[in-house]
Amino acid sequence: MSLDRTLAIAQRLVRQIRRDRRTMALMVVAPVVVLTLIGLSFAERSQVLDFIAPAVLATFSLLFVFLLTGIGFLRERASGTLDRLLATPVGRFDLLVGYLLGFLGFAALQALIILLYTVYVLNVTFRGNLWEVILFLLVLTATSVNLGIFVSTFAHNEFQVMQFIPLLLAPQIFLSGIFLRVGEMPGYLQAIATVLPLRYAVDGLRALMLEGAHLPDVARELAILVGIGVVVLGLASLTVRRV
Amino acid sequence: MSDEQPLAVQVQGMHFGYDGRTPVFQGLDLAVARGVSYGLLGPNGAGKTTLLRLVAGRLKPSRGSVLVLGHTPHPSLTRDIGLMPQSSAVYPELTARENVDFFARMYGMSRRGERRERVEEVLRFVELEERQNTHVSRLSGGMRQRVSLACALVHRPPLLLLDEPTVGLDPELRASFWEHFRSMAGEGTTLLISSHTMDDAAHCDRLAFLRSGRVVAEGSPETLRRATGRPDASLEDAFLHFARQEAGDVSR
Ligand SMILES: Nc1ncnc2c1ncn2[C@@H]1O[C@H](COP(=O)(O)OP(=O)(O)OP(=O)(O)O)[C@@H](O)[C@H]1O
Ligand SMILES: [Mg+2]
């Protein structure tokens with residue numbers, strides 16, 4: 001691994017995204033619109049809103065970064081820049097970590113905006129510490145970056161990346177306890193839920209945001225998220241060289 | 001040529017196929033001496049791009065060997081190779097300068113001052129210093145090609161692999177590219193250049209005519225022309241001559 005290469009890749013991604021004004025705008029507008037809709041529909045039932053808000057935050061963090069990496073990496077493959085990159089001494093971990101660093105800043109920014117909006121505009125209960133919540137979300141983001149890279153190997157174009165969203169995200173959204181607590185689901189679905197990163201993210205965030213827990217209290221969720229992240233990183237590193 | 005120095009590229013009995021079923025190369029032999037501009041000529045699908053990717057170490061032969069500067073391609077050898085892919089393969093959202101700078105860093109030029117000098121030098125070389133801060137998406141196709149070339153040679157590689165570098169260039173620009181290529185070969189850089197135009201072929205020191213993964217003829221442009229037996233033969237004629245000969249051999 002080389003620090004300068006990793007940083008160069010991260011800087012390049014930051015530049016590319018910053019210059020894409022529409023992506024920058026949508027990354028803020030989309031979650032705010034969704035949250036507003038949810039906020040309006042549960043206006044009379046603030047407890048339900050409290051229950052759902054942490055999940056929406058987690059889902060957006062996961063989805064946003066998954067899309068950025070999935071499509072970003074796909075474009076590298078399709079445009080030939082990946083071929084060119086891999087013909088340099090760059091290592092696979094330089095690439096993976098570079099992508100991760102490049103997207104972390106945007107993911108943190110998005111999380112901050114969503115969080116402030118939910119707490120101050122939608123008046124969702126918030127007993128936690130802002131920075132702890134953001135730090136927690138960044139761990140989820142790391143998993144998502146690697147998932148995006150891994151999936152991009154199996155997708156040959158943008159349409160196919162899109163098709164992976166329902167496949168990878170729908171089970172997570174329905175089985176991670178966003179609407180129904182995991183414990184209330186049938187046993188076999190609970191079994192599936194144990195490998196879904198979103199499930200631990202939702203549990204952890206609820207504790208951090210609603211119950212006033214601190215990072216050490218959600219150490220188990222964090223550890224599992226890191227574990228899943230490492231496994232996906234391993235998978236992504238195996239496929240990154242495929243063109 | 002010289003016995004002490006290994007060849008720039010030496011391919012021996014090389015087999016390769018993308019999926020195992022349809023072979024692209026079946027026992028290819030090719031030798032490229034150092035400091036020459038070597039043209040790989042052939043129609044669409046002849047295997048030019050595949051060969052360059054094998055030399056760059058991006059693909060592995062299933063049998064036989066590909067030696068680059070005396071070694072089997074491995075990651076640390078990539079420093080000595082510059083690759084200009086067939087599509088321009090640069091980042092459209094970045095400026096010309098940012099692209100070149102990025103690839104310089106990928107090649108390990110981590111010292112900023114030294115890198116800046118080299119990046120400026122390369123941009124002058126491809127005559128883009130005035131447009132260096134323009135986003136590549138707003139450059140013309142020919143300018144984009146020049147950015148791509150600059151990215152390939154920023155780390156002064158002794159071996160340059162150029163995949164159809166002159167496609168889409170106007171005659172003036174094409175001539176200026178060839179001027180660059182010749183000056184680099186003059187300084188000892190080996191250039192392996194693919195093309196399907198005979199105009200490019202005439203500029204090379206040596207040529208290999210490739211057809212369906214086989215070298216149908218090899219030599220200097222002059223030798224190849226003369227081998228047709230007609231004094232007024234063009235390289236185009238020579239290529240057709242060898243292609244027919246090969247087709248005849250196969251059917252017999
Ligand atoms: N990624 C790939 N997967 C499978 N087959 C491939 C792939 N790339 C090329 N081929 C096949 O390998 C053969 C050689 O292709 P190659 O791209 O090397 O030709 P080329 O000489 O570069 O052609 P062109 O002048 O069109 O660029 C062709 O039959 C092509 O169909
Ligand atoms: Mg080609």
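Predicted model: local features only at pLDDT ≥ 70, side-chain atom pairs only at ≥ 80, totals over all residues.

Biologist: Great. How confident is the predictor in chain B?
Modeller: The mean pLDDT of chain B is 90, and 96% of its residues reach 70 or more. For the complex, the predictor gives an ipTM of 0.86 and a pTM of 0.88.

Biologist: And where in chain B is confidence lowest, and where highest?
Modeller: Helix 8 of chain B (residues 235-251) is lowest, at a mean of 74. Helix 2 of chain B is highest, at 97.

Biologist: OK, on to the metal. Which protein donors does the magnesium ion (ligand 2) have?
Modeller: They are OG1 of T49(B) and OE1 of Q86(B), and they lie 1.9 to 2.2 Å from the ion. Water is not among the atoms, so the site may look incomplete.

Biologist: Where do T49(B) and Q86(B) lie in chain B?
Modeller: T49(B) is in helix 1 (residues 48-55), while Q86(B) is in the loop between strand 5 (81-84) and helix 2 (96-106). The pair therefore ties together parts that are 37 residues apart in sequence.

Biologist: How accessible are T49(B) and Q86(B)?
Modeller: T49(B) is partly exposed, with a relative accessible area of 26%. Q86(B) also counts as partly exposed, at 41%.

Biologist: What about the rest of helix 1 of chain B, buried or exposed?
Modeller: In that helix, 7 of the 8 residues are buried, so helix 1 of chain B is largely enclosed by the rest of the structure. The buried ones are K48(B), T50(B), L51(B), L52(B), R53(B), L54(B) and V55(B). Just after the helix, G57(B) takes a positive phi of about 85 degrees.

Biologist: Now ligand 1. Which residues come nearest?
Modeller: There are 13 residues around ligand 1, and N44(B), G45(B), K48(B), T49(B) and T50(B) come nearest. Helix 1 of chain B gives the most to this shell, with 3 residues.

Biologist: How does the shell split by class?
Modeller: It has 4 nonpolar, 7 polar and 2 charged residues.

Biologist: Which atoms lie by the oxygen atoms of ligand 1?
Modeller: A backbone N or O atom of G45(B) lies 2.8 Å from one oxygen atom of the ligand. A polar backbone atom of G47(B) is 2.9 Å from an oxygen atom of ligand 1. From E164(B), a polar side-chain atom lies 3.1 Å from an oxygen atom of ligand 1.

Biologist: And how much of ligand 1 does the protein bury?
Modeller: Taken alone, ligand 1 exposes 630 Å², and the protein buries 59% of that.

Notes: Residues numbered from 1 in each chain as written. Chains lettered and ligands numbered in written order. Heavy atoms only, no water. Donors = N, O, S within 2.8 Å, 3.2 Å for Na, K, Ca; no water. Helix = DSSP H or I, 4+ residues; strand = E, 2+ residues; numbered from the N terminus. Buried < 20%, exposed > 50% of the residue type's maximum accessible area, 1.4 Å probe, protein only. Near = heavy atom within 4 Å. Polar contact = N/O pair within 3.5 Å; in protein donor to acceptor, adjacent residues only side chain to side chain. Areas by Shrake-Rupley, 256 points an atom, 1.4 Å probe, with all protein chains shown as cover. Nonpolar A, V, L, I, M, F, W, Y, C, P; charged D, E, K, R; others polar. pLDDT = per-residue confidence, 0-100.
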